[in-house]
Amino acid sequence: MGLFSDKKVKSLRAHFGADGIAFYLYILCEIYKDKGYYLQADADFLDNAASDLGMGPEKIGQMLHFLLERSLLDSILFQSDKVLTSHGIQMRYQLAKKSMGQKTVIPVVKEFWILTEEETQSFIEVRPKEDFSRKNPDCSGKKADSSGNNATKERKRKETKRNERKRGAAEKSAPAAQLPALEWLGQLPLPLPPSAEKEIAFYLQKGLTQALIEWAAVETASRGKPWGYLRGILKAKLEEGIFDVAQQPGADRLSGADRLSGADRLSGADHSAGRFGRKGRGAGSGFAASYDINGFEQQGFSLPIGWEEEG
């Protein structure tokens with residue numbers, strides 16, 4: 001599908017005209033020429049975008065909010081790390097590397113990689129972020145006398161230290177009790193990307209219950225949908241103010257058995273797969289929903305339309 005045939009891009013153009021398309025293409029170009037699959041969007045980036053495109057910072061902010069809200073960019077990673085990326089961007093990054101006959105391993109940051117293990121190409125190696133910060137610690141041998149480069153490096157080093165101090169202060173101020181235990185994620189009946197744990201923790205901290213997340217996972221797997229569909233359900237429930245299965249429309253008409261959490265309804269499911277190594281709902285997976293989807297919807301449950309991620 002071409003870029004301008006995408007319904008979300010059409011909506012962007014309807015809201016902001018040519019400026020919206022120009023800003024979205026600007027972000028894509030900056031991502032592909034930088035890391036290739038993500039971009040760290042600091043204040044300088046947004047100021048530069050406004051200057052390069054000849055637009056006001058208020059409009060830049062409005063368009064960025066729209067891109068995040070419509071999942072043209074990943075809102076969770078932007079909120080947590082000011083990172084701009086998406087499922088579609090990372091899929092196209094892999095495709096470009098594959099079409100170039102990529103042979104050597106390409107390391108990517110685990111915390112910013114949102115594709116599942118099944119979606120990730122064999123030449124992609126997912127590594128923790130700290131591995132990249134330790135890489136090449138001694139670079140003093142070349143161009144040591146370049147004052148311009150040294151000044152730039154010193155400025156970046158100071159900025160990095162300031163950011164680390166801010167993050168450290170924020171982490172210390174957050175009580176440890178707020179961090180939820182997520183061992184039960186290994187029992188969800190669909191494959192999860194490395195970033196899923198952080199995202200689900202985000203929704204738990206916002207008040208969504210484990211029972212609601214398990215129900216959404218069962219609903220997603222029973223329809224043969226990917227992780228992006230589950231994310232869409234959770235986002236919709238948070239926006240609607242629905243935090244538990246009991247708050248679902250029509251929940252008061254359900255029997256006690258129908259109110260069971262997703263984990264309780266997985267009596268026939270295969271719980272043996274690992275958290276990020278599951279094969280999903282294909283043949284031989286062992287997963288089978290213990291209720292009829294159509295009947296379930298007739299009892300009052302409903303799903304938002306259009307939660308498939310940008311491709």
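1. A cut-off to start with: a residue is buried under 20% relative accessible area, exposed over 50%, and partly exposed in between. Ser71 comes out at 27% relative accessibility, so partly exposed is the label for Ser71. Keep in mind that this is a predicted model.

2. Staying with Ser71: this residue sits in the loop between α3 and α4. Its phi is positive, about 65 degrees, even though Ser71 is not a glycine. For background, most residues other than glycine have a negative phi. I'd have a look at this spot in the viewer.

3. Lys82 is another non-glycine with a positive phi, here about 55 degrees. You'll find Lys82 in the loop between α4 and β2 (83–84). With 40% relative accessibility, Lys82 also counts as partly exposed.

4. Lys198 lies in helix α8 (residues 196–205), so here the parts tied together are 117 residues apart in sequence.

5. Is Asp81 buried or exposed? Buried, with a relative accessible area of 16%. Both lysines are partly exposed: Lys129 has a relative accessible area of 35%, and Lys198 has 33%.

6. For a local pair, take Lys33 and Glu30, whose side chains form a salt bridge at 3.1 Å, N to O. They are 3 residues apart in helix α1 (residues 7–33), which means about one helical turn separates them. The accessibilities contrast: Lys33 is exposed at 63%, whereas Glu30 is buried at 18%. That 18% falls under the 20% cut-off, so Glu30 gets the buried label.

7. On the salt-bridge tally, the count comes to 10. Besides the pairs above, there is a network of salt bridges linking Asp74, Glu199 and Arg231.

8. The largest nonpolar core holds 27 residues, and Phe23, Ile27, Leu67, Leu73 and Leu84 have the most contacts inside it. The elements giving two or more residues to this core are α1, α2 (43–53) and α3 (57–69). Which element gives the most? That would be α1, with 10 residues.

9. Setting aside neighbours within four places in sequence, Phe23 is in contact with Ala49, Leu53, Ile60, Met63, Leu64 and Leu67. Apart from this core there is another, of 25 residues, including Leu182, Ile213, Leu230 and Val245.

10. Last, the surface. Leu3, Phe4 and Leu25 make up a nonpolar patch there, with about 230 Å² of accessible area together. Phe4 is placed in the segment before α1, and is partly exposed at a relative accessible area of 42%.

Methods. Residues are numbered from 1 along each chain as its sequence is written. This is a predicted model: local features need pLDDT of at least 70, side-chain atom pairs count only at pLDDT 80 or more; totals for chains, interfaces and linings use all residues. Side-chain values use heavy atoms; hydrogens and water are left out. A salt bridge is a side-chain nitrogen of Lys or Arg within 4 Å of a carboxyl oxygen of Asp or Glu. Helices (H or I, at least four residues) and strands (E, at least two) are DSSP runs, numbered from the N terminus. Buried means under 20% relative accessible area, exposed over 50%, partly exposed in between (1.4 Å probe, protein chains only). A nonpolar core is a set of buried Ala, Val, Leu, Ile, Met, Phe, Trp, Tyr and Cys residues joined through side-chain atoms within 4.5 Å. Contact means heavy atoms within 4.5 Å. Patches are made of residues with over 30% relative accessible area and no salt bridge: like charges are joined within 9 Å, nonpolar side chains (Val, Leu, Ile, Met, Phe, Trp, Tyr) within 5 Å. Accessible areas come from the Shrake-Rupley method with a 1.4 Å probe; for residues, only the protein chains shown count as cover.
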